[in-house]
Amino acid sequence: MKVRFAPSPTGRLHVGNARVALLNWLWARREGGAFLLRLDDTDSERSTAAFAAGIEEDLSWLGLTWDAFARQSDRSERYEAAVGRLKASGRLYACYETAEELELKRKLQLKSGRPPIYDRAGLKLTDAERAAFEAEGRRPHWRFRLEATPIAWHDLVQGDKRFESQHLSDPVLLRGDGRPLYTLSSVVDDIELGVTHVLRGEDHVANTAVQVQLFDALGGAVPSFAHLPLLTDAGGQGLSKRLGALSLQALREDSIEAMTINSYLAKLGTPDPIAPRQGLDELVADFDVGRFGRATPKFDPAELEHLNAKLLHDMSYDAVRPWLEARGLTDVSAAFWLAVRGNLARRGEVGLWRQVVHGEIASDIEEPDYIAQAAELLPPEPWDECTWSLWTGALKQATGRKGKALFLPLRRALTGESSGPELAALLPLIGREKALSRLSAS
Ligand SMILES: Nc1ncnc2c1ncn2[C@@H]1O[C@H](COP(=O)(O)OP(=O)(O)OP(=O)(O)O)[C@@H](O)[C@H]1O
């Protein structure tokens, strides 16, 4: 089995593209197959090397490594060869209409109540007529002659699909300037690079209808197809690489975890619960292309936020350690991480609690008498996770306070904050000396 992700390097990947990339990758891993990254960069006006590098960077960040790589701009000879074969077999024919002439034909067809399907005028041209167009300086574009047989495939997401080829225009495969269109180059690549399963957005369904015949015409096996509905933003608006909304780059800059995005996208649009997963392996294990529905899923940043926090709350010290070490945060021990992770919405917020534990803070003391009493009753070291309950138990007895009245002034004095990690875990990390000085700060 071989799948592919084939973006055009015309912008940074958005979460809709990422969903297609991820699901292809999971599918390949699940089936023991291969994942091909193919850059569809034949549109030389809009494709840039910087966007191509950005796509590789974004996929690598998500952890989606590829087993094979291809660039359409390196393969133009292959497309020319395929064009030669299609011309030789009479499936590609020259057409000389200008864009204005085609538009006029379409208008006339619509006016007379006929569907705007290309009338195959190019197919009926005599050699003399063709020569006359050439003499005028016209350069032909080339259309693929569809056969008058129904086109059908079983789509792994959409179910049985059927198109009547008489209702379709013969697609243009070669532009007047000699450049092949995506419809052709994609099929040539899928055949020659051995792609067996094509999972992509449903914006390609119409392409697939003609491509099914093109696979046959070029002697290739028709792959299995799965067309997913396109993702929208929370407001129902479509996504485009060119607009830059919900790009992976922006989410990464906002410190969202890559696994948060993977966890969300792997389940969005399925009936399965969306749960934080710490590694791609967990997502591979329960990937099933048949779980994806046909309804348009909305990508909700609020849900992503929530999932990011949940993911951090379960993240092991080993998983975050390389990141801590790379930033020189070596004083964040395993005990420290386990104490604070439940309070993080972003991993970078660990810095706030580092300040509380290792740095200086402004104590917030509203009830100096109570806090003075608390300082007196502070147990001697060594401290462990039982110290907090020993201390507050003694304070409760001495003052008759309980609940919030007992705990909150202590939290404010010790951390300068009204909420945060469990003090039972934080107190031994702060240590007696620092705790005492904060309690005595008034
Ligand atoms: N909103 C979306 N939701 C899900 N998949 C999408 C979405 N938009 C594009 N895709 C899929 O992403 C893959 C890469 O396509 P492509 O590079 O054409 O992306 P695009 O965002 O449509 O590009 P552009 O906005 O530059 O036209 C294709 O499989 C396409 O179907």
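A residue counts as near a molecule or strand if its C-beta atom, placed from the backbone, lies within 6 Å of it. Of the 19 residues around the ligand here, G16, R200, G201, S240 and K241 come nearest. Two elements give two or more residues to this shell, helix 1 (15-31) and strand 9 (197-201). Helix 1 supplies the largest share, four residues. (Helices, H or I with at least four residues, and strands, E with at least two, are DSSP runs numbered from the N terminus.)

## A word on the model

This is a predicted model, where local features need pLDDT of at least 70, side-chain atom pairs count only at pLDDT 80 or more, and totals for chains, interfaces and linings use all residues. Residues are numbered from 1 along each chain as its sequence is written.

## The nonpolar cores

A nonpolar core is a set of buried Ala, Val, Leu, Ile, Met, Phe, Trp, Tyr and Cys residues joined through C-beta atoms within 7 Å. Buried means that 20 or more other C-beta atoms lie within 10 Å of the residue's own; exposed means 12 or fewer, and partly exposed is in between, with C-beta atoms placed from the backbone. The largest core has 71 residues, and A18, A21, L22, L199 and I261 have the most contacts inside it. Helix 1 turns up again, giving the most to this core with ten residues. Apart from it lies another core of 16 residues, including L86, F144, L184 and V212.

Which residues does I261 touch, leaving aside its neighbours within four places in sequence? They are V15, A18, L62, L251 and I256, where contact means C-beta atoms, placed from the backbone, within 7 Å.

## Helix 9, tucked away

I261 is one of the buried residues of helix 9. Nine of the ten residues in this helix (258-267) are buried, so the rest of the structure largely encloses it. The cover over them includes helix 1, helix 2 (49-62), helix 8 (248-253), helix 10 (280-285) and helix 11 (301-313). Just after helix 9, G269 has a positive phi of about 85 degrees.

S255 sits in the loop between helix 8 and helix 9. Its phi is near 65 degrees, a positive value in a residue other than glycine. S255 counts as exposed, with 12 C-beta neighbours inside 10 Å.

## Out in the open

Helix 4 (99-111) has 13 residues and the number buried is zero, so it lies largely in the open. G113 follows helix 4 and has a positive phi near 75 degrees. In the loop between helix 4 and helix 5 (127-135) you'll find R120, a non-glycine residue with a positive phi near 60 degrees.

Strand 7 (159-163) is another open element, as none of its five residues is buried. Strand 7 pairs with strand 6 (151-155) in the antiparallel sense over five bridges (pairing takes at least two DSSP bridges). The two strands form a hairpin with three residues between them, and D160 is the bridge partner of H154.

The peptide bond from E381 to P382 is cis, with omega near 5 degrees. P382 is in the loop between helix 15 (368-376) and helix 16 (387-399).

How values were computed:
Two residues are in contact if their C-beta atoms, placed from the backbone, lie within 7 Å.
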